[in-house]
Amino acid sequence: MDTEKREGRKDERTTESGIPVRPIYKPEHLCEVGFDYDRHLGDPGDYPYTRGVYPTMYRGRPWTMRQYAGFGTATETNHRFKYLTEAGQTGLSTAFDLPTQMGRDSDHPLAAGEVGKVGVAIDSLLDMRELFDGIPLAEVSTSMTINSTASTLLLLYSLVAEEQGAKPDQITGTTQNDILKEYLARGTYIYPPAPSMRLTTDMFAYCAEESPRWNTISISGYHIREAGSTAVQELAFTLSNAIAYVEAAVRAGLEVDEFAPRLSFFFNAHNDLFQEVAKYRAARRMWARIMKERFGATSEKSMKLRFHTQTAGSSLTAQQAENNIVRTTVQALGAVLGGTQSLHTNAFDEALALPTERSARIALRTQQILAFEGGVTGTADPLAGSYYVESLTDAVEGEAWEYIHRIDGMGGSVSAIEERYMQGEIEEAAFRYQREVELEERVIVGVNLYESGEAGDPEMDLHSVDESIQTRQTERLAELRESRDNPKVEKALAAIRKAAEGSDNILYPMKEALSELATLGEVSDTLRGVFGEYRP
């Protein structure tokens with residue numbers, strides 16, 4: 001990069017979201033926003049929870065270290081789960097392959113070439129049993145990154161837990177179940193928005209009755225950010241989606257304080273350290289006020305924004321891949337200083353392949369070093385009172401509210417998505433970011449500055465997925481359909497169809513069908529027959 005070009009922008013610094021950054025912050029910069037401790041901050045554990053949702057935060061115990069894992073068959077992923085648990089992981093996090101995410105069995109023509117590639121293949125209860133073989137589901141918390149087929153995966157998980165002897169109120173974990181962001185940023189939707197929202201609220205009601213400790217949704221800003229949004233857009237669009245879910249649940253007849261305590265969030269941790277900390281602090285404050293003032297929540301649990309964080313996959317570079325260890329450390333530090341409840345740290349080789357056991361272990365050790373050597377767990381919200389952090393928190397919040405008010409004026413998230421308003425904002429931000437990189441106005445170390453000059457990085461051992469997985473899964477499905485009681489399966493699928501055509505909660509007949517060994521694809525196809533498929 002040209003030195004003169006770098007020097008010329010020093011006096012005009014902004015955050016990645018474009019918020020101006022002063023050379024120095026003083027008390028008067030807090031006065032500009034009318035700073036008041038009780039109104040803006042409060043103690044950790046007190047409304048509006050800016051400083052954290054628990055009084056002591058990590059002093060009692062660190063955040064949950066929940067490394068994301070999933071590839072190949074259920075047996076292979078089960079081995080990785082056990083490897084990470086032995087290395088000190090404190091919660092499971094499951095990645096599913098694209099056919100599973102899209103409601104297709106492994107033997108479907110559209111699944112060709114994708115089985116087991118970006119996550120584990122789950123076709124039926126048999127696969128779910130193998131995935132959690134030897135893992136006591138009454139004792140472990142499991143996160144499942146799944147949206148369109150979230151209800152199916154939750155029910156399969158519940159069935160396995162019951163087979164192990166666990167009671168429904170013992171299982172803990174989270175299904176992502178955030179369908180709105182699929183239309184907005186990611187694309188693994190199946191049904192149109194209205195029936196998809198119905199499945200979401202049916203799960204709210206089902207879990208309130210059957211699995212009260214399960215987090216029914218993880219409202220996700222992560223994928224919005226990965227699609228190219230700014231931090232402000234990630235925050236604003238995530239909270240707008242959350243408002244839409246709460247409104248849908250209320251319209252379905254649920255009481256706010258009945259389901260809201262089980263709502264959780266999922267945010268990205270990017271490179272701009274202080275902006276990320278400000279984003280998390282603003283998120284808690286905004287959500288507390290949304291729930292109290294907009295929806296009339298009275299339970300403190302309804303007002304507390306609890307969230308999982310994952311470091312930014314989109315920030316990882318194939319060039320000088322070892323640099324990603326440092327990027328991930330900075331991002332993880334931002335998440336911790338911002339008060340996350342659980343954290344996944346990406347492996348340094350993920351711009352090239354799925355993580356190896358070695359790279360996954362390094363990613364986990366990054367968290368452990370922060371927790372046990374970094375001195376970050378001694379006090380809650382250690383950056384509170386920083387003139388810069390408090391000013392930046394207010395600035396992030398102010399810009400996020402502007403977006404939310406604009407989306408409200410359009411009729412809410414669903415309308416804004418249908419009009420492609422949020423998609424357009426994300427696309428513009430992504431274009432702007434990429435252009436800054438290409439013009440060398442934004443430094444990416446090892447990419448447009450401090451390139452190694454080598455033809456490529458030293459050879460690394462990369463993880464590969466066995467290409468025979470689809471054949472094995474297909475054979476397994478054939479054996480399943482041959483051995484199960486097919487008349488019972490057809491009767492159970494008909495019950496799902498009837499519930500979908502009416503107003504009954506779909507999850508109850510769905511669970512019955514899955515217990516009779518109906519496949520994920522068969523359940524999804526039954527719903528496709530009633531709801532249709534979404535085409536933008």
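Student: How do E4 and strand E5 pair, and over how many bridges?
Tutor: In this predicted model, E4 and strand E5 (residues 172–175) pair in the parallel sense over 4 bridges, where strands are DSSP runs of E with at least two residues, helices are runs of H or I with at least four, and both are numbered from the N terminus. Two strands count as paired if DSSP finds at least two bridges between them. Within that pairing, Thr-142 stands opposite Gly-173 in E5.

Student: Which helix does the chain go through from E4 to E5?
Tutor: The chain crosses through helix H7 (residues 150–163), and this β-α-β crossover is right-handed, meaning that, with the strands pointing away from the viewer, the path from the first strand over the helix to the second runs clockwise.

Student: And what joins E4 to strand E3?
Tutor: Strand E3 (residues 92–95) runs parallel to E4 and is joined to E4 by 4 bridges, with Ser-143 in E4 as the bridge partner of Ser-93.

Student: Why is E4 largely enclosed?
Tutor: Strand E4 (residues 141–145) is largely enclosed by the rest of the structure because 4 of its 5 residues are buried (under 20% relative accessible area; exposed is over 50%, partly exposed in between, with a 1.4 Å probe and protein chains only).

Student: New topic: where does Val-445 lie?
Tutor: Val-445 lies in the loop between helix H19 (421–438) and helix H20 (469–483), and is partly exposed, with a relative accessible area of 38%.

Student: What does Val-445 touch?
Tutor: Leaving aside residues up to four places away in sequence, Val-445 touches Asn-323, Arg-327 and Tyr-450, where contact means heavy atoms within 4.5 Å.

Student: How is the model handled?
Tutor: Residues are numbered from 1 along each chain as its sequence is written, and side-chain values use heavy atoms, with hydrogens and water left out. Local features need pLDDT of at least 70 and side-chain atom pairs count only at pLDDT 80 or more, while totals for chains, interfaces and linings use all residues.
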